[in-house]
Every structure is written in structure tokens, then in C-alpha cells.
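Visitor: I have a new model open and would like to learn how to read it. Please take me through the features one at a time.

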Amino acid sequence: MTPLNIPEWQSLDRHYSDIKFLSMREQFALDSSRFEHFSVYSGDLLLDYSKNRITQETMEKLFALADAVELKDWTKRMFNGELINHTEGRAVLHTALRNRSNEPVMVDGQDVMPQVNAVLEKMADFCATVHEGRWLGFTGKRMTDIVNIGIGGSDLGPAMICDALEPYAIDGLSVHFVSNVDGTDLSTTLEQLNPETTLFVVASKTFTTQETLTNAQSARNWFLKSGQQTDVAKHFVAVSTNAEEVSKFGINTDNMFEIWDWVGGRYSLWSAIGLPIALYVGFDNFSRLLDGGHQMDKHFRDQPLAQNIPAIMGLLGIWYINFFNAQTHAIVPYDHSLARFPSHMQQLDMESNGKFINRQGARISYKTGPVIWGTPGTNGQHAYFQLIHQGTQLIPVDFVLPVNSHYPDCDHQSILLANGLAQAEALMKGKTAEEVRAELVAGGLEGKALEALLPHKVFPGNRPSNVLLFPKLTPEMLGQLVALYEHKVFVQGVIWNINSFDQWGVELGKQLAKAILPDLRDDNDISTHDSSTTELIRLIRQLRQ
Ligand SMILES: O=P(O)(O)OC[C@H]1O[C@H](O)[C@H](O)[C@@H](O)[C@@H]1O
């Protein structure tokens, strides 16, 4: 069950030995149609993958590998609601949440679409009530601020989307996201707010997450300094699978928006976890986001591998991680409003594919998920791009480039785009010693000074990148982009033979934090920890004011 034994993998291994020194610069020089050969569209979204260390043969071999692991079959199984998250006995159906065609999707013999549609309708009604000023606070005022209290998938996705869709925001309504259990997060948010006009959305799939419940309790305490217990219902709503815990917390389940166990946390922004998005930009724009996700689902499900953006990006990732030994992957949006996109991608990719055990429970002897990182361009260029250009690691980069800005008045977009394109070109081309020499000579340098400086100014080049280019960051385009990366992660998980949909690796820390918490009290014996943890606990007791 290891991909290493698949003939198609071994064939890629041999191919890697043959072309590992292939020069992209030369390939571009030899083939004037390289861009045409290695670019593909989904609607208005272009993937240019020509600046990768590949030939046509590489792609054919990668597609053959995808066929050998039955990627298309796994895709069908996911879309059809099979329990592919086998360690939790769950289906994986974020695609049903944005299934705009409304074709039935069966789980355990039951179509989930009626429940999905009913919750969407409840969200739409609730948004209309808030937006039209029919949802009033305890002193009869309309809501001005939405505070989402959640963490992980119940925070990162909606927060990223709200940032990105700020140009679509409804007038008179602000949105805030509180996730960290560090009291700074909640306190600095509440400082700006009026309890009479603040609506809290407590978002937790399980409704047992320590950070979220702690923040929600404190938010309620803050609210109760002004309002009464009976007013809580006007200011707190919940999103969860767990009606019992929601009602124990004191939120009326009429004010609860349901999600289901077949929605993974990091795939949940399309569900009622997206309520703060719908409140912030309006339900119509939230629906447009779902439309975009659905468009990408159809593309991924129906397009042959050679035309399939998530499959191509997933396979290129395999090529670098497993053959070129890449450890990390940078996602660099040239769009300031996508500042939180890499953080959402971190959870999506690293929580899904950060696994060392295969589907059958055996230890894996090959690399799986990479470290995902990045910040918006052009800022990254003035910080860490040095290492991408001249460091000793191979770091594939995705450049995400919207052609048009939502803020054209500044007229900065050409500069922004020129920088994005220049980085991709520079990474591919590099700069040879001869080119550097010519430049230095032209600048008047010669002799020893020239020879001493020259090697430092050489760029090895041949460093791979993808460009994702699209007309403008609309809700539909954002939906396409997020769904694209979800499916990319899925493709890689299938090839690595891992379950991309559980996350047992987050549990140990939670368990130990629960054990340490009582030990931080002065009167407890500290006995169960290693000497380092014990001494750190002692020190904290001493230093605490
Ligand atoms: O939505 P919740 O149940 O509160 O979970 C919030 C987050 O915490 C967990 O520990 C998982 O690592 C995440 O996948 C999840 O999104």
C-alpha cells in the first residue's frame, strides 16, 4: 500500500534522475509554445504552470501515477458521500454545502441536500432580519458589530473571506474575529464595542473547544454588565453540531445554526460557520462564494487530469516534495486583502496532510504534507524572498494575481502585478555569472573587486512557481480559489495513501494542557511531568503577580 512500490512512481523516480538538471530557461528557449502547453483555465481562472521543472513526459507520468492510485475513483467516492474519513467513520461532504445543482447527495441512504438548503434558508432569513434592522438588541437598537468567537476552522476561513470581500461589506456593519484564548484578543475587541449593538456568533463544530467556550463565557460576562440574562438571546447565536452543549451554554437552540459531522472544521466556511461572512457581505454575496466553490467542484470532478487545475497543482507538489525533496511550499497572494489566505491554507493543508501513518495504519517511509507559508506580495519580497532566490532549499511558490483592484483610485495595480510577474520570472531565469560580469563591467567594476563581488550576485534560477491569474477577486473567484486548494490537498492525500480528513495530531496538546492547568495552582503537588515542564510550572508560580 505504499506508493513507492507502484510502477508509475518508480518510473517517475527514473525520470527524475534523467531530468533533475533540466533547465527551464533552456526549455523556454527551445519551445516558444511552452506557455500554451502548460497552462489551463477553469472559467476565468488561469493556472500557468510553465515555470516548473517539467516536460510533457513528466506530466504524463504524473497523470499516470494519479490513475494508478485511482484518483478519479476516490473523487467520486468523496462526492458521493462514502465514509472516506474512515478513522472517524464519516463522509467528507463540503462539496454538498455548495452543491448549487442540488442533485441529491446520499449519506447512509439519506439525501443531505434538504438539510443543507434548510440551514441556508435559515441563514438568509437571519441575515435579512439583521440587515433590515428587524433584529434589535436589548435597548431596541439595531446591530452594528458582529463578533465571531471560534478557533481553527471556525475562525480562519470566515476571517480570511471577510477580509478578502471587504469591498462587498454591508454598510453600517463591522465584523470582528476572536479566536485566541489569550485575553488580549477578546479584551482589545470588546474595548471598541457597545453591548447594545453587538451580536456574538459562537462558532464551534463540537462546542467543546476550550478556547472558544472560555471566550464565549467572558463575552457573556461582559454583556451581562449591561444586559440581563433574558437579553442574551438577542445578542448570542451559535453555530454547531452539538445542540445539547449549545443549550447548556445558555443559547436558545432556535438561535443555533446547524452543521453536521461530515463537514470537516477546515472545510466548513461553506456551512453555517460562514454565517459571519453572510452577515458581513450579505447572503447574496455568500451565495456567490458558494457558486464559485461549486464551479471548481465541477471542474475538478469532470475535467480530465490534463485539464484539471487541482490535480495538476497537487501532482506538481508531489513532484517537488517526493522527488526534489522540497520541504515547504509558499503561497504568495499579490492582493493585500488575501493577507490571511496563507494562514487558512496552513490549516487546510497541514492539518489534512501532516500525517505519518497511512490509511492502513502503517508508518510511512516517504514525505507527506509540506510546511505551507507565505504573506502578501510585495511585502514578502523585502523580507524572505532572498532565501527563495539564493538560499539552499528548493521552495515552490504559488503566485496568486488578480488583474484588477477593488481600489483602482490609487493606480498601484500595474506596479503590484509587475512585481509578481518579475518574481516568477527571476526565480525561473536566475542570473548567470556571465550576465553578472557584464553588468559589473558596465558599472565600471574590474579586477579583484569584480571577482570578489561576482558570486554573490549570481542567481541560480531554475526555481519553480505557479501563477494563478484572474480578472478580479469577486466572491465567485474566491470560492473557486479556496475550493481549488481543498481539492489539491485531496489529490495529494490520495497519492500518499493517507486520510486527509482526521486530525488526531491536535489532541495530545489539548490533553496535556488540561493536566497542566490545575498544576499552575500554588497548592498542588506537581508530579506527573518531566523535569523541564515541572520547573517551568514552578517558575510560573513564582513569577505570577
Ligand atoms: O469548531 P470546533 O469544534 O471548536 O473546532 C475548532 C478547531 O479545533 C480543533 O482542535 C481542530 O484542530 C480544528 O480542525 C478545528 O477547526
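Guide: Start with a strand pair. Strand E2 (residues 45–48) pairs with strand E13 (residues 465–472) in the antiparallel sense, over 3 bridges. Within this pair, Leu-46 has Leu-469 of E13 as its bridge partner. Strands pair if DSSP finds at least two bridges between them. Strands (E, at least two residues) and helices (H or I, at least four) are DSSP runs, numbered from the N terminus.

Guide: Two ground rules. Residues are numbered from 1 along each chain as its sequence is written. The model is predicted: local features need pLDDT of at least 70, side-chain atom pairs count only at pLDDT 80 or more, and totals for chains, interfaces and linings use all residues.

Visitor: What holds strands together in general, and what is the order of the strands in the open sheet of 6?

Guide: Strands of a sheet pair through backbone hydrogen bonds, either parallel or antiparallel. Here the order is E1-E2-E13-E12-E10-E11, with mixed pairing. Strand E1 (39–42) and E11 stand at the edges with a single partner strand each, so one side of each has no neighbour in the sheet. Neighbouring strands are turned by 15 degrees against each other on average, direction ignored; the axes are lines fitted to C-alpha atoms.

Visitor: Is helix H19 buried or in the open?

Guide: Count C-beta atoms, placed from the backbone: a residue is buried with 20 or more others within 10 Å of its own, exposed with 12 or fewer, and partly exposed in between. Of the 10 residues of H19 (residues 433–442), the number buried is 0, so this helix lies largely in the open. After H19 comes Gly-444, with a positive phi near 95 degrees. Over the protein chain, buried residues make up 43% of the 545 residues.

Visitor: Which residues does UniProt list for "active site"?

Guide: The unreviewed UniProt entry lists Glu-351, His-382 and Lys-510. They spread over 160 residues of sequence and, in space, up to 36.9 Å between C-alpha atoms. Such annotations may be inferred rather than shown by experiment. His-382 is in the loop between strand E11 (371–373) and helix H17 (385–390). Lys-510 is in helix H22 (residues 507–519).

Visitor: Why does His-382 count as exposed?

Guide: His-382 counts as exposed because it has 9 C-beta neighbours inside 10 Å. Lys-510, with 12, counts as exposed too.

Visitor: How many helices and strands does the protein chain have?

Guide: The chain has 23 helices and 13 strands. Its C-alpha trace spans about 80 × 60 × 60 Å along the principal axes.

Conventions:
Axes fitted to C-alpha atoms, helices over the stretch in contact; angles between N-to-C directions.
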